[in-house]
Amino acid sequence: MNVTKGSARPRLAEAAGLVGRVVLAAGGGYAVAALSTALLSATLPLPRSEAVTAATLASFAILASVAVLVFAISSLRHAAAAVLGAILVLGAGLWLAAGPLLSAGGAP
Amino acid sequence: MKGSVRQSMAWLHTWSGLVVGWVLLAIFVTGTASYYRADISRWMRPELMQAAPVAPADLPAAAERAVAYLETHAPKARTWFIGLPQPDHPVLDLFWRTRPGEPPGRATLDPRTGGEARARETMGGDFLYRFHFELHMPPLWGRWVVGVCAMIMLIALISGIVTHKRIFVDFFTFRRDKAPRRSFLDAHNVTGVLALPFHLMITYTGLVTLALMYMPWGVTVAYEGDRQAFFAESGQITAPRPPAGRPAALAPIGPMVERALQTVPETLERLTIVNQGDANATVVAVFEEPHGLSHEHPQVAFDGVSGAVIEVLRGGLQPAAKTFTTMVGLHEAHFAGPALRALFFLCGVMGSAMVATGLVLWSLARLPKAEARPFPGLRLVQALNIGSVAGLPAAVAVYFLANRLLPVGLADRSAWEIRAFFAAWIAVALLALARPQRRAWRAGLGGVAVLCLAVVGADLATIEAHPLRRPSGGEALFLWFDGALLALAALFAFAARKVSTYQAPRRAEPAREASLPAAAPRPPKRPAAAAPQRRPESGKQRERA
């Protein structure tokens, strides 16, 4: 944690873990937010434009929560597993809900 | 992360804040100024203030003159935008786009003659406004950079909240006379916590204004990526009409304007003319937002060839769309009257102060011991801090100064104003790298104060209609503007003075010690405080917010 203390240089493993967390928070966070936006747009029981609007409005809160969670979970491995699990569940849900809606290659 | 959740949140807050801090400061400062974008634009075009306002009955004829100008000067454009004269801006603002990627055309016309208005060429407040979300980069790049920074700001805010054990107590805590770093910490907490609802609101709604660019996937799934269809279906724009590919003449626009004015009671703001010259030409009259929070312009769409009304859009949005437009409205604060606008402005200033104190706090928390040399990263952060905290306000002041001092007829004048803006910014940043940091702080902050005074001086010297020069019936805007700049000058002069009398925690400079008690009243045991301040080095990491 004390990155600036002592030799002011975190060890290599620590640095790698840090980079992993940043990548996981940014990439994973965006992926979860994008998939949930798409899934909610397709499934919310509202008129089409309302579902899209509501899902898009919520997406930034979802992205921020995932990023904060990635940094809050003490083990990077657990954090990665949680994010990957969410991506798989949301992706499967989207495939089930919107598969027929999507023309060739429109998925996020 | 190792350690507790609060520790990892403190870490996240510190580093995410540092990484985007300088860009955020630029976004905050220019965004705060944008609350007065229209006033800044008016101040920067003093020639237009003498013009008499245009009555609504004269709008149709003025619109005809605008179309006549566009037909000769922009016959190939896909879209014409005509900003109609308003009480506080009595000119026709024309704007046209020919094809994507090509810079748009602009012109300002006198609504009574249809000739080009005689005003100095300037971007006015629009430069600061666009800088707020495009950073003067290519729009797509700028918007993404700003969006990423806003997202990280949201994360920094959330982690900052988690970091606070005692958020309610921090609300009322300001320990001015303890260790200087602690008063920076308290200033950071006070400006951050006091205006926290504003910070959360402005960050989230800022993301929402460009939501479909950052998060287009809902539209991808439900509309196959067709944003226009989405906006039309949710009732935010009139239905788009693709060009028919057959030429047809545009019907006279005067009667359409008259008809629009009869349909909607709000003030008519602008006309959008799409696909002129085509059989499917569309004219949309866009009105001012009715009273309320929501960013929702009433619109009347006409068939451009027959002149018949196709669609009238007035309110009636569904809940989610209403939420969306309300968020955008909250961000832009068009609804705010003078008092509320001033409050928003103050919150913006506090946001800028929150970012600035946070950045300074980072470097203060990492000052080396007295005998050690600062590590290069610290030097860089210190220089960037000065370059942004003093450099950006200096750049804005120079932008205003250039508006008053550059010759009115100078070719490419508005571009020169912007060059002056960046030249000032770069100059302060270089100064910060070249000079020792305390002197650079003092010179930078003092320089901003001097520049603000210089703007007031230049305003008085060049504007004959200034109320101070013509006590009867001058334009009050000049007084307000100059008053605001004087207040800013005082603020920066105060900060510069604080820097010169400020005792750096660990690098003792005996020569300055003597002048200290006279310059700033402090507790008598202050001179002895230098020694104890060295001690809590290990505790500092914990205390850092």
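**View 1. Arg48(A) and Glu233(B) form a salt bridge between their side chains, at 2.7 Å from N to O.** A salt bridge here is a side-chain nitrogen of Lys or Arg within 4 Å of a carboxyl oxygen of Asp or Glu. Because Arg48(A) lies in helix H2 (residues 48–72) of chain A and Glu233(B) in helix H11 (residues 227–233) of chain B, the pair joins two chains; helices are DSSP runs (H or I, at least four residues), numbered from the N terminus. Arg48(A) is partly exposed at 39% relative accessibility, and Glu233(B) is partly exposed at 41%, where buried means under 20% relative accessible area, exposed over 50% and partly exposed in between (1.4 Å probe, protein chains only). The model is predicted, with local features needing pLDDT of at least 70 and side-chain atom pairs counting only at pLDDT 80 or more, while totals for chains, interfaces and linings use all residues. Residues are numbered from 1 along each chain as its sequence is written, chains are lettered from A in the order in which they are written, and side-chain values use heavy atoms, leaving out hydrogens and water.

**View 2. Within helix H17 (residues 413–434) of chain B, Arg413(B) and Glu417(B) are 4 residues apart, about one helical turn.** Their side chains meet in a salt bridge of 2.7 Å, N to O, and Arg413(B) is buried at 0% relative accessibility, as is Glu417(B) at 0%.

**View 3. Salt bridges with shared partners link Arg130(B), Glu134(B) and Arg143(B) into one network.** The side chains of Arg130(B) and Glu134(B) meet at 3.2 Å, N to O; Arg130(B) is partly exposed at 31%, whereas Glu134(B) is buried at 6%.
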